[in-house]
Amino acid sequence: MYKVWIKRLPGNDDLPLPETMTAGASGFDLRAAVTEPVTLQPGERALIPTGIALAMPEGLEAQVRPRSGLALKHGITCLNTPGTIDADYRGEIGVILINLGKAPFTVKRGDRIAQLVFQTVPRVTLEEVAELPPSERGSGGFGHTGVR
């Protein structure tokens, strides 16, 4: 088990800390720490503050991901998804929301706007070579298999 330290930023004592909503949930719900409601028109995006910062051990990352209910019901999703929060970042977590729906959507203080999922990050070294070893797939990509 990993220990992640969380700091509630000043002025956000009224907001609950991120939590999982069920025992089997992977994501911790992030809440909007907006001081006033933010209305996203269709096609519009905004950076929404969460009022928290984290410290994670090296080898761990946090990923900001959309909430499926907001996506299905309202067309609200996250840009740059999953958004990566590196272990050495100590600033406020922000969520880039976009309205892909057909109606304006208002984000209010305390709304659950995204989820935070923690993942391990393997340490790798890159080694430049003149040729790559062959594989059955080769360089085919972007739907080359014809499978939908």
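Let's start with strands S6 and S11, which run antiparallel and pair over six bridges. Here strands are DSSP runs of E with at least two residues, numbered from the N terminus, and two of them count as paired if DSSP finds at least two bridges between them. Along this pairing, Ala62 stands opposite Phe118 in S11. Before going further, a word on the source: this is a predicted model, in which local features need pLDDT of at least 70 and side-chain atom pairs count only at pLDDT 80 or more, while totals for chains, interfaces and linings use all residues. Residues are numbered from 1 along each chain as its sequence is written, and side-chain values use heavy atoms, with hydrogens and water left out.

Now zoom out from that pair. S6 and S11 belong to an open, antiparallel sheet of four strands, ordered S2-S11-S6-S8. S2 and strand S8 (83-85) sit at the edges, each pairing on one side only. From one strand to the next, the twist averages 35°, taken between lines fitted to C-alpha atoms, with angles between N-to-C directions running from 0 to 180 degrees.

Is Arg112 buried, exposed or partly exposed? It counts as partly exposed because its relative accessibility is 29%; buried means under 20% relative accessible area, exposed over 50%, and partly exposed in between (1.4 Å probe, protein chains only). Arg112 and Asp29 are 83 residues apart along the chain, yet their C-alpha atoms are separated by 6.0 Å. Leaving aside residues up to four places away in sequence, Arg112 touches Met21, Asp29, Leu30, Arg31, Arg67 and Leu70, where contact means heavy atoms within 4.5 Å.

The structure holds one cavity of 30 Å³ or more, and the space in the largest cavity comes to about 70 Å³. A cavity here is a set of points, on a 1 Å grid over the protein atoms alone, where a 1.4 Å probe fits but cannot get out; lining residues have an atom within 4 Å of a point. Points are joined across faces, edges and corners, and the volume is the space filled by probe spheres set on them. Strand S2 (residues 28-31) gives the largest share of the lining, three residues. The lining also includes Arg8, Asn12, Pro16, Thr50 and Ile52.

On to the other sheet. This open sheet has three strands in the order S4-S9-S7, again with antiparallel pairing. Its edge strands are S4 (45-49) and S7 (76-78), each pairing on one side only, and neighbouring strands are turned by 35° against each other on average, direction ignored. S4 and S9 are joined by five bridges, with Arg45 opposite Ile98 in S9. On the other pairing, S7 and strand S9 (residues 94-99) share three bridges, and Cys78 stands opposite Leu97. S4 itself has two faces: Ala46 and Ile48 on the covered one, Arg45, Leu47 and Pro49 on the uncovered one.

Which residues touch the most other members of the largest nonpolar core? Among its 25 residues, the answer is Val64 and Leu97. Such a core is a set of buried Ala, Val, Leu, Ile, Met, Phe, Trp, Tyr and Cys residues joined through side-chain atoms within 4.5 Å. The elements giving two or more residues to this core include S4, S6, S7, S9 and S11. Leu97's contacts, not counting residues up to four places away in sequence, include Ala46, Ile48, Ile76, Cys78 and Ile113.

Methods
1 Å grid on protein atoms, 1.4 Å probe; cavity = no way out; pocket = protein on both sides within 12 Å on 5 of 7 lines; lining within 4 Å.
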